[in-house]
Each structure stands twice: as structure tokens, then as C-alpha cells.
Amino acid sequence: MNSPLTLRELDAIDVSRLNGVGAQRRAALAGVDVETVFDLLTYYPRRYVDRTAQAPISGAAVGAEITVVAEVLSVTSRRMRGGRPLVTAEVGDASGSMSAVFFNQAWRERQLTEGRTVAMFGKVDSYRGRKQMTNPVVDLLGDRTGKIVPVYPQSETAGIATWDIASWVAEARRRCAPRGIADPLPSDVRTRLGLITRAQALDDIHEPPSMAARAAARNRLVFDELLRVQLVLRGQRLAREAHELGIAHEPSGLLVTAFGERLAFGLTDAQQRAITDIDVDVGRGRPMHRLLQGDVGSGKTLVALHGLLVAVQNGHQGALMAPTEVLAEQHYLAVRDLLSGLAVPDPSRLGGTRPLTLRLLRGGHSATERREMLVEIATGAADIVVGTHALLEESVEFNSLSVVVVDEQHRFGVAQRARLREHGRSDGRMPHLLVMTATPIPRTAAMTVYGDLDVSVLDELPPGRTPITTEWVRGPLAAEAMWTEVRAEIESGHQAYVVCPLIAESESLDARSAEQMHDELAAGALAGLRVGLLHGRLASADKEDTMTRFRAGALDALVATTVIEVGIDVPNATVMVVLSADRFGIAQLHQLRGRVGRSSHASHCFLVSDEDPTPIAEERLAALEASTDGFALAERDLELRGEGTLFDERQSGRSDLKLASLARDLEWVQAARDVAMDLVKSEGDLVALPGLADEIDWFASRRDPDFLQRS
């Protein structure tokens, strides 16, 4: 008898082998990332209609949120004042009828054709003495029967309906039944955690006999998803610790001491803890692999600079990589001021020291400047090099790179970071890596996405910082009052940012938006003031000149795109206006807001929303108005957005967390982490579990190196 089917085998069976999936249907399924039987079996229902608990229309109480299953009796549409469409559907079951109205959803007229069976979930209202739902959630059920009906994600453009998916899933399960589905999880782990078998879980997630059975199925499949991720991360970490050689550093010395003594403020306890973590890491003979996570304004740069100076003090080089030229230039200027006048121990020099050399490598250098800088980097004359992805180019060769700092690490791929580390040395030893993010990450997400990193958290603000007052601005009268406050703040000697709306993933469109807003404000609300302009399409020299003038106080206001999102530090800027703020996510708005409040002056952030923001956008803006705690906001963001775009970068390719919710499944994240650490204590332990080892090998091989950063 053949052995049970593994996930690797299911992933090798094309969906075209199922009855009813011809070339056209296969192409449609590929459009929703279903190409194999594995993809199909893990294309889970997005919700369920519990027909054992559904209410007849006659028994639906006004004010209650319920699901009704009914037939579409008629559909009409008309235009309201202002041209907005209104679609009204009359639906009925054996007990009676009611209406469902849809505002601004003209496509409902095509969807809700007469005779279709639909499930509608929403709040029951009363209108002119009749029951009605407004903008209910609608699922098309076809002629399916059963106590609990799964509803799958549908694609109207691809022509795939929920009942199509259900029939293909049912056939795939039927054809898998003779061999069964392999379960590589050790039985003692399954028993300890109260989990059902994988085969049972796949049956009950698609055709649950009860909602309790569906919950048990979800628990098992969620655990499987999270365990695969944790085992991959665990394997990566153990392999790195077993095979990578690092460079042991002496963390204390004259250079580091001199740097600490010249700081205007004492370090926070959180900064001291992070520095101690780094000192312990770099003192070992294996490379550091640490995440420095801190809210905006928490002082990450000082901590990172300590690590870079330890490298220089020990006769090596440091590199700081930033995601954009604006941020790289900002880091360079900030670091230059902090390091000005510092001397590096050098016994070969008269007096025993030499000036510390800092360089900025970017795209705008002349050929001669670049050639000279590359020589300095290759010979070790450049102690610390700041740059963008230009540091990754093959022409850049370091003499002895020993500490690498990557800022806003989620914007760089795993492969990019690895390339910087690997080409930094020729002796086989790996530089120490410190990755930083100012995007607060919920604990569940950190355990899942950064499971192979040690983590230091900066959860205190340095002395001298004041909380930022945030106000959600709605309507023209409120906007007019806001601009009056902005002018008053500027006239009192401070400066302002005006952030333009994100139009699209297009630098040229965003640039045009900023230019237009600059002209409007310079002629209107900010007339007579010195208004600058900054966007990504400006030449490097122009961007640097604008920022230099703004920093020096030669500009009163800066109209900008989100190029100012991170790293810009102008203490005299005390007010920010974000236009069309409802188009941004919580994390990005929080980052933007962090450009003010960088001194002891009271600071304000105005979030201006468009005329009719979505309910989710309203919740985001309300959350930002109520809190400046980045970690609390990150948790709220995860609740609102789910797992699709953890870092505002969409998953490219198939998702690896299809059921697991980092907002709701902390228990299973922790359980998966514990089991991974228990099963794999050293490299090679998975050999004793061949089924699980094969699954992890398959899972890792089918994903690009950056899947975790985008899951």
C-alpha cells in the first residue's frame, strides 16, 4: 500500500488533474495563486454560513445582527443626489421578505441576479415599516445544502465562484482519501497540545460537522503554519551559530569612552541595556545577529553608533546602510556632528592617534570622487561608511568590515543584507549585524518574523522630549483653523512640515502632488512664508540643499512626500500637517509624526482626512489621535489590518500564513516556538524526524529568502 501523501507530494500535483479544471479554469485558479492540489487544499473558506443557526426573515428582530439565507426576488438601481448609485435588492425565504440596500456599490446589480441564493449578514433595520439591511456582507451560495456551508474567497473577474472551489476541494479530498494525508507531527506533541490529526483538520476545515469541529481544525492548521516558520528560523539560527565565525572585539576603550563623555544627555536605561547586549555580542567569536527595535525618537542611532565605534576602536571598519538617499544623507550629517573631533588610536602616528574618517557613499558622486572613496574603503582609510544599497555593489570592497548596521531593516531583503555581510571580508569571518527598525512590532509578529534574531527594545524616550498632541482634522472649517495655528507656530519662530498625500506607488505622481500643494500653499494659507519642497524625484544635490536650508532655519515650512518618513531630525520643527491622512497606514503615520516632538518645545500633528474616509481609516485616525505609544498602535494596527501587509509591503507570491492571525493567535505562536526549540536543540536534530525534516526542507525551498518579511 502506498504511504500517506505528504505536502511536498500534494504540491507536485497540478490542479489540472482534477475533473472540471481545464486550461481556462486552471489559468483562472492561477490568478488566485492556486496551481497545485496543496494550494487548493489550503485555499481555506473565508467564513461559514451556519444554517443550523440562521434566522428566518420573519423572526429577524430589528436591531439584531444576523445571517439570513434567501433568494433574490428582484433588483433595482437608481442615482441619488450627487450621482451616487443606490442598489436595492428584494430577498425572500419561506417565511417572508425584506430589502437590502447598497450605497456606492453599483456592481451589486450585476451580482445579485434574480433567482440566486445568497447569505446576507448585517444589522436589521426598519424602513417605512419593513425590515431592511444596509450594505450587508453578501455571500453567493448557489444550490449548496448542508448544516454549515463554507464560503470561499471568490474572483468575479476570473469567473470563479465559491461553489466551484467547494466542488474542486471535495474532489481533491476524495482522491486523496485512499492514501490519506501524512502527519509528521510527533504524536506526543499532538496529544500534549490537544490537536487533531492533519487529515482530520483538512476535512473539518472544508466541511465541518459543527462549528466546534471547525475551530479544532483551525487550531491544528494554524499550529502547522507557525511551526513550519519557527523550524525554518530555528534551523537558520543553529546553522549560523555552528558554521559562522565572527570577530571578537574589546567593547571598552578610549574612543568609545570619549564618545560617551561628549553626549549632551545621559543615556536612558533602555539605551544602556541595548549597548550592554551589543557589547556582549561583539565580544564573542560568533557574529552578532540582533534587532534593535525602538519607537520614533527613542535614540537608536546613538546605540548603533556605539557598535560602529567599537569596530573602529578595534582596528576594523563599520558600515551603516539606509533604504533611501535622503535617509542616508540624514544619517551621515547626524553622525558627522556626533563624531566631529574624535580621534582613533593609531600607534603608527605621532601622538598615537589620528582623526576618525567618515564617508558617505551615494549615487551622485563624480567618477573621480567615487574612485577616491572606493580606494579609502578598500585600504581601510575610511573608518565608517554610510550609504544606501550602493554599499552592496561589487565594486565596493572593504578592508576589514566588522560591524554592519542596517536601518529600517524591513525595506531590505534577507539576500541584500547577507550580500553586504559576505562581501565585507575575505577571511571567511562574518561581520556583526545590527538591524534597526522604528516600526514598533507586536510581540507575536516579532516572534514569528524575527524568530532568528536576538532582540533589544528601546521603550523609553530620551530626556528633553515632549509628547506630541495629535488632532484629526475634519471639514473645511477645521482645516481653516488648523492653518491659522500653523502660521502662528511659524511666526513664533518654529517650523512646519506639510506631508502630501500618497497618490500611488509612483514617485512621479507623488512628486507632482507635492509640487502642486507647494504652489497652492505658497500662494494661499502660507503666503509670505518661506516654503520649501522635497520629493524623491529631486536631484541629490537639490534634496541635500533643501534639507540643509530647512535644518538651518532658512525655510519656514517644508512641503514633502513621505521621503521624510524616517531619519529627519530638525528639533525646531514643531508642527506637522498630513494631508489625506486616511490614505496612510498607522505605522507610516506614526513614523511621520515622529519628525516633530524632537525637542522640549510642545509639538502638534494635524491629520487631515478626505471628505468621506472608510470606516477602517476612521479607526486608524482615531487610534493615532488617542495614543502616541508606538507599540500599542502596532497591536491596534495588526488587529485592523490582519496579516496581509505586516510592513506595508505585500506578499509577492503565495502566502505562508493563510490561517494564522498574529493578532489573535499568540497562544499558538508561543506553542510553535516552544515546540521548535524542544525538537531542534542542535543542528541535525530533525534527522530523527524524517517526515518533518522533509516538510521543512520543502517549505523552505519553495519560498524566496524574504517571504517572512512580507508574510
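**Entry 1: the sheet**

I started with Leu361 and found that its bridge partner in β14 is Gly387. I was looking at a predicted model, where local features need pLDDT of at least 70, side-chain atom pairs count only at pLDDT 80 or more, and totals for chains, interfaces and linings use all residues. Residues are numbered from 1 along each chain as its sequence is written, and side-chain values use heavy atoms, with hydrogens and water left out.

Next I looked up how β13 and β14 are joined: four bridges connect them, and the two strands run parallel. Two strands pair if DSSP finds at least two bridges between them. As for the names, helices (H or I, at least four residues) and strands (E, at least two) are DSSP runs, numbered from the N terminus.

What order do the strands of the open sheet take? I traced seven of them, β13-β14-β10-β15-β16-β9-β17, with parallel pairing. At the edges stand β13 (358–361) and β17, each with a single partner strand, so one side of each has no neighbour in the sheet. From one strand to the next, the twist averages 20°. A reminder to myself: strands of a sheet pair through backbone hydrogen bonds, either parallel or antiparallel.

**Entry 2: helices on the sheet**

I then checked what packs on the sheet. Helix α10 does, touching β9 (289–294), β16 (432–437) and β17. Contact means heavy atoms within 4.5 Å. The direction of α10 makes about 155° with that of β17. Axes are lines fitted to C-alpha atoms, for helices over the stretch in contact, and angles run from 0 to 180 degrees between N-to-C directions. Helix α13 lies across β10 (317–321), β13 and β14, and runs at about 130° to β13.

**Entry 3: salt bridges**

How many salt bridges does a search of the whole structure find? I got 36. A salt bridge is a side-chain nitrogen of Lys or Arg within 4 Å of a carboxyl oxygen of Asp or Glu.

I picked out Asp203 and Arg173, whose side chains meet at 3.0 Å, N to O. Asp203 sits in helix α7 (residues 198–206) and Arg173 in helix α5 (residues 162–176), so this pair ties together parts 30 residues apart in sequence. Asp203 is partly exposed at 31% relative accessibility, while Arg173 is buried at 18%. Buried means under 20% relative accessible area, exposed over 50%, and partly exposed in between (1.4 Å probe, protein chains only).

My next pair was Glu460 and Arg273, in a salt bridge at 3.9 Å, N to O. Glu460 is in the loop between β17 (454–458) and β18 (468–473), and Arg273 is in helix α10 (residues 269–282), 187 residues apart. Glu460 is partly exposed at 29% relative accessible area, and Arg273 is partly exposed at 44%.

I also noted Asp383 and Arg354, in a salt bridge at 2.6 Å, N to O. Asp383 lies in the loop between α13 (367–379) and β14 (384–387) and Arg354 in strand β12 (residues 353–355), so the pair ties together parts 29 residues apart in sequence. Are Asp383 and Arg354 buried or exposed? I found both of them buried.

Then I came across a network: salt bridges that share partners join Asp183, Arg190, Arg198, Arg220, Asp224, Arg228 and Glu695.

**Entry 4: one histidine**

I looked up His331 and found it in helix α12 (residues 325–339). His331 is buried, with 6% relative accessible area. Leaving out residues up to four places away in sequence, His331 touches Thr301, Leu320, Ala322, Val386 and Asp407.

Most residues other than glycine have a negative phi, so I went looking for exceptions. Asp33, not a glycine, has a positive phi of about 65°. Asp33 is in the loop between α2 (23–30) and α3 (37–41) and is partly exposed at 38% relative accessibility. Asn104 has a positive phi too, near 60°. Asn104 lies in the loop between β4 (96–103) and α4 (108–111), and is partly exposed at 40% relative accessible area.

**Entry 5: the whole chain**

To finish, I counted up the protein chain: 24 helices and 23 strands. Buried residues make up 53% of its 711 residues.
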